[in-house]
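Keep the sequence and the 3D view open as you read.

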Amino acid sequence: MHFRRLKLSGFKSFVEPSELRIEPGLTGVVGPNGCGKSNLLEAIRWVMGENSPKSLRSGGMEDVIFAGTAQRPQRDFAEVVLDATTDSGEELEVVRRIERGAGSAYRINGRDVRAKDVSLTFADAATGAHSPALVSQGKIAQVIAAKPTERRMMLEEAAGIAGLHVRRRDAESKLRQTEANLARLEDLMAGLD
Ligand code: ATP
């Protein structure tokens with residue numbers, strides 16, 4: 001999957017609508033301390049479904065919304081749009097929006113979807129909010145110090161099989177539900193005899 005463009009509005013320090021074109025060959029973003037370089041990486045994680053406060057350097061979910069400065073009032077919403085092209089050439093526009101007091105909503109190509117649909121879309125393309133391709137400060141030390149099970153999770157995400165685990169858990173839960181229904185049906189049928 002190739003990420004082509006990132007659009008931000010009201011996300012952290014990006015109060016004005018801003019656009020980053022991710023051209024082939026882009027290998028880094030430079031700028032003075034505090035200008036928002038890490039916020040860009042966090043916006044990519046966030047639109048892919050990240051909710052962990054640690055990973056987003058935030059306290060609560062709404063902390064990603066521009067909080068205001070001495071000169072500017074806070075914003076009521078934050079929106080991030082990620083334009084990507086899948087390996088099969090399909091164009092993808094993924095939108096995540098959060099409004100104060102109303103939580104997050106996601107859209108893929110204009111259609112309302114669940115957070116899970118977004119993370120599965122990226123997991124199947126061997127990427128996602130925890131992709132090893134997104135290297136933030138301290139990440140290398142974290143990989144070295146990781147426990148074998150954590151390292152295995154990183155490898156599975158890189159291999160694109162993380163989505164299969166989610167589907168397996170879903171299938172197992174449906175199976176348990178069906179078994180419970182069957183047992184209940186047998187009880188009812190025994191009662192009819
Ligand atoms: P460094 O090189 O120091 O790591 P950086 O370029 O990566 O800096 P970021 O950490 O991405 O910069 O940006 C931090 C800036 O974003 C700070 O000025 C912080 O005040 C601002 N910021 C973060 N969250 C919000 C928010 N919700 N509202 C307004 N500004 C925010």
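Leaving aside its neighbours within four places in sequence, which residues is Ala 162 in contact with? They are Ala 123, Gly 128, Glu 156 and Glu 157, where contact means that the C-beta atoms, placed from the backbone, lie within 7 Å.

## Before we go on

This is a predicted model: local features need pLDDT of at least 70, side-chain atom pairs count only at pLDDT 80 or more, and totals for chains, interfaces and linings use all residues. Residues are numbered from 1 along each chain as its sequence is written.

Ala 162 belongs to helix α6; helices (H or I, at least four residues) and strands (E, at least two) are DSSP runs, numbered from the N terminus. Ala 162 counts as buried because it has 23 C-beta neighbours inside 10 Å. The scale behind that word is simple: a residue is buried if 20 or more other C-beta atoms lie within 10 Å of its own, exposed if 12 or fewer, and partly exposed in between, with C-beta atoms placed from the backbone. Although Ala 162 and Ala 123 are 39 residues apart along the chain, 6.0 Å separates their C-alpha atoms.

Glu 157 sits in helix α5 (residues 148–159). Is this glutamate buried or exposed? Glu 157 counts as buried, because it has 21 C-beta neighbours inside 10 Å. Beyond its neighbours within four places in sequence, Glu 157 touches Gly 128, His 130, Ser 131, Pro 132 and Ala 162. For Glu 157 and Asp 193, 36 residues apart along the chain, the C-alpha separation is 52 Å.

## The sheet

Six strands form an open sheet in the order β2-β1-β3-β4-β5-β6, with antiparallel pairing. Strands count as paired if DSSP finds at least two bridges between them. At the edges are β2 (18–21) and β6 (111–113), each of which pairs on one side only. From one strand to the next, the twist averages 20°. Axes here are lines fitted to C-alpha atoms, for helices over the stretch in contact, and angles run from 0 to 180 degrees between N-to-C directions.

Now for some individual pairs. Strand β1 is joined to antiparallel β3 by seven bridges, and Arg 5 has Asp 83 of β3 as its bridge partner. Four bridges link β1 with β2, also antiparallel, and here Lys 7 partners Glu 19 in β2. Further along, β5 (residues 103–108) and β6 pair antiparallel over three bridges, with Arg 107 opposite Asp 112 in β6.

## Helices on the sheet, and the core

Helix α1 lies across β1, β2, β3 and β4, at about 80° to β3. Its buried residues are Leu 40, Glu 42, Ala 43, Ile 44, Arg 45, Trp 46 and Val 47, and they pack against β1, β2, α2 (53–56), β3 and β4. The buried residues of α3 are Val 118, Ser 119, Leu 120, Thr 121, Phe 122 and Ala 123, which pack against β4, β5, β6 and α6 (162–192).

A nonpolar core is a set of buried Ala, Val, Leu, Ile, Met, Phe, Trp, Tyr and Cys residues joined through C-beta atoms within 7 Å. The largest one has 29 residues, among which Ala 43, Val 47 and Val 80 touch the most other members. Two or more residues each come from β1 (2–9), α1 (37–47), β3 (77–85), β4 (91–99) and α3 (115–124), and α1 gives the largest share, five residues. Leaving aside its neighbours within four places in sequence, Ala 43 contacts Leu 6, Leu 8, Phe 11 and Val 80.

## Positive phi angles

Most residues other than glycine have a negative phi. Lys 12, with phi near 50°, lies in the loop between β1 and β2 and counts as buried because of its 23 C-beta neighbours inside 10 Å. Arg 57 also has a positive phi, near 50°, and is placed in the loop between α2 and β3. Arg 57 is partly exposed, as 14 other C-beta atoms lie within 10 Å.

## The ligand shell

Fourteen residues surround the ligand, and the closest are Ser 13, Asn 33, Lys 37, Ser 38 and Asn 39; a residue belongs here if its C-beta atom, placed from the backbone, lies within 6 Å of the molecule. This shell divides into four nonpolar, seven polar and three charged residues. In that division Ala, Val, Leu, Ile, Met, Phe, Trp, Tyr, Cys and Pro count as nonpolar, Asp, Glu, Lys and Arg as charged, and the others, Gly among them, as polar.

Note on methods
Two residues are in contact if their C-beta atoms, placed from the backbone, lie within 7 Å.
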